[in-house]
Amino acid sequence: MSLILHHYDFSNFAEKARLMLGFKGLAWQSVEQPPILPKPKLVPLTGGYRRIPILQEGADLWCDTRLIAHELERRVPSPTFFPDGTRGHGEAIAWWAEQQFMRPSALFVSGINADHMPEGLHDDRAKLHGLPPPSIEAVRAAAIRNRHLVRPQIKWLAQMLDDGRSYLLGEKPCIADFSGYHVVWFYRGRHIDCRAAFDPYPKLLAWRDRMATIGHGTHTEMGQDEALAVARRASPAAPRPSDPQEGDPRPGERARVRPSDNARDWTEGEVLFIDADEISLLRTDPEVGEVAVHFPRLGYDWRRQR
Ligand SMILES: N[C@@H](CCC(=O)N[C@@H](CS)C(=O)NCC(=O)O)C(=O)O
């Protein structure tokens with residue numbers, strides 16, 4: 001297994017992936033990608049998909065940390081992200097954390113740090129969500145509005161730990177912990193640190209520190225060109241048997257996929273694998289040849305390509 005993670009330091013979703021790799025005790029190769037477009041050494045691999053992190057092995061690319069979690073689980077079942085009795089709760093809490101708790105947290109932290117974020121980041125993120133470039137005043141004002149959206153959600157997270165349990169759903173970490181943790185992690189280490197938001201909740205702080213000790217596993221640096229060369233030298237792995245759902249495109253048909261939350265750019269290709277949880281497209285790029293790009297179904301749209 002030779003896993004490559006495309007990421008950048010301050011990406012919280014990347015922090016989730018790094019911690020998941022650490023939890024599974026994996027060694028991986030680290031490819032640093034830019035936090036804003038253009039991403040000329042990433043897009044040849046994924047087509048239109050530009051988000052971070054991406055997991056690569058040879059000529060296979062997994063988009064989205066939900067799918068990355070399942071892929072890592074398939075390879076290294078123990079320790080599991082889904083201890084007995086936690087699966088439904090774990091996935092649902094993860095979905096809440098990443099779909100409801102994350103965006104106001106990002107707007108709050110970036111708003112507080114409006115004057116100190118990397119050049120071009122506010123414009124890039126607005127564009128990512130289909131919005132015009134915001135004024136610095138609008139970014140600052142968003143902090144205040146979103147403070148009121150994050151407060152009750154921080155409290156929910158703290159309340160999950162009220163009875164003294166070590167992790168959100170018991171004595172072992174599960175997928176909910178990884179998904180809640182990276183949102184909390186995002187509050188740290190900016191020009192203006194926002195971690196004081198958690199100060200009223202000592203059990204939450206102890207949980208956060210417990211999660212941090214999982215670490216990132218062992219990794220070595222790899223250049224962007226080398227990752228492209230790895231893909232070029234390899235062929236996509238043989239897919240598992242597909243299980244198309246009603247109305248789904250069949251393997252061999254052409255389709256396109258993109259995140260369903262305002263993302264503009266589609267990844268296009270031939271369906272290689274499809275079931276209720278995943279859709280994989282085979283695409284050919286002049287720089288890397290044939291690659292398989294894997295997406296989760298939840299949170300992503302697809303269309304048939306005529
Ligand atoms: N649902 C995705 C979300 C990934 C995501 O939004 N990542 C952010 C960075 S934390 C991103 O890529 N933002 C745009 C960019 O970096 O170009 C996942 O779980 O991987």
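**Close-ups of the ligand site and a salt bridge**

**View 1. Arginine 50 reaches the ligand with a polar side-chain atom that sits 2.4 Å from a ligand oxygen.** Keep in mind that this is a predicted model. For tyrosine 8, the side-chain N or O atom and the ligand oxygen are 2.9 Å apart. How much of the ligand does the protein bury? On its own the ligand exposes 500 Å², and 89% of that is buried by the protein.

**View 2. The ligand takes up the space of the largest pocket.** Two elements each give two or more residues to the shell around the ligand: helix H1 (12-23) and helix H5 (121-128). There are 14 residues around the ligand, and Lys39, Arg50, Ile52, Asp64 and Thr65 come nearest. By type, the shell splits into six nonpolar, three polar and five charged residues.

**View 3. Arginine 51 and aspartate 261 form a salt bridge, with their closest N and O atoms 3.1 Å apart.** This pair ties together distant parts of the chain, as the two residues are 210 residues apart. Arginine 51 belongs to the loop between helix H2 (43-46) and strand S3 (54-57), while aspartate 261 is in the loop between strand S6 (254-259) and strand S7 (267-274). Side chains of opposite charge can pair when their charged atoms come close. How many salt bridges does the model have? The count comes to 20.

Notes. Residues are numbered from 1 along each chain as its sequence is written. This is a predicted model: local features need pLDDT of at least 70, side-chain atom pairs count only at pLDDT 80 or more; totals for chains, interfaces and linings use all residues. Side-chain values use heavy atoms; hydrogens and water are left out. A residue is near a molecule or strand if one of its heavy atoms lies within 4 Å of it. A polar contact is a pair of N or O atoms within 3.5 Å; within protein, one must be able to donate a hydrogen and the other to accept it, and residues adjacent in sequence count only if both atoms are side-chain atoms. Accessible areas come from the Shrake-Rupley method with a 1.4 Å probe; for residues, only the protein chains shown count as cover. On a 1 Å grid over the protein atoms alone, a cavity is a set of points where a 1.4 Å probe fits but cannot get out, and a pocket is an open set with protein on both sides within 12 Å along at least five of seven lines; lining residues have an atom within 4 Å of a point. A molecule sits in a cavity or pocket if more than half of its atoms lie within 2 Å of its grid points. Helices (H or I, at least four residues) and strands (E, at least two) are DSSP runs, numbered from the N terminus. Ala, Val, Leu, Ile, Met, Phe, Trp, Tyr, Cys and Pro count as nonpolar, Asp, Glu, Lys and Arg as charged, and the others, Gly among them, as polar. A salt bridge is a side-chain nitrogen of Lys or Arg within 4 Å of a carboxyl oxygen of Asp or Glu.
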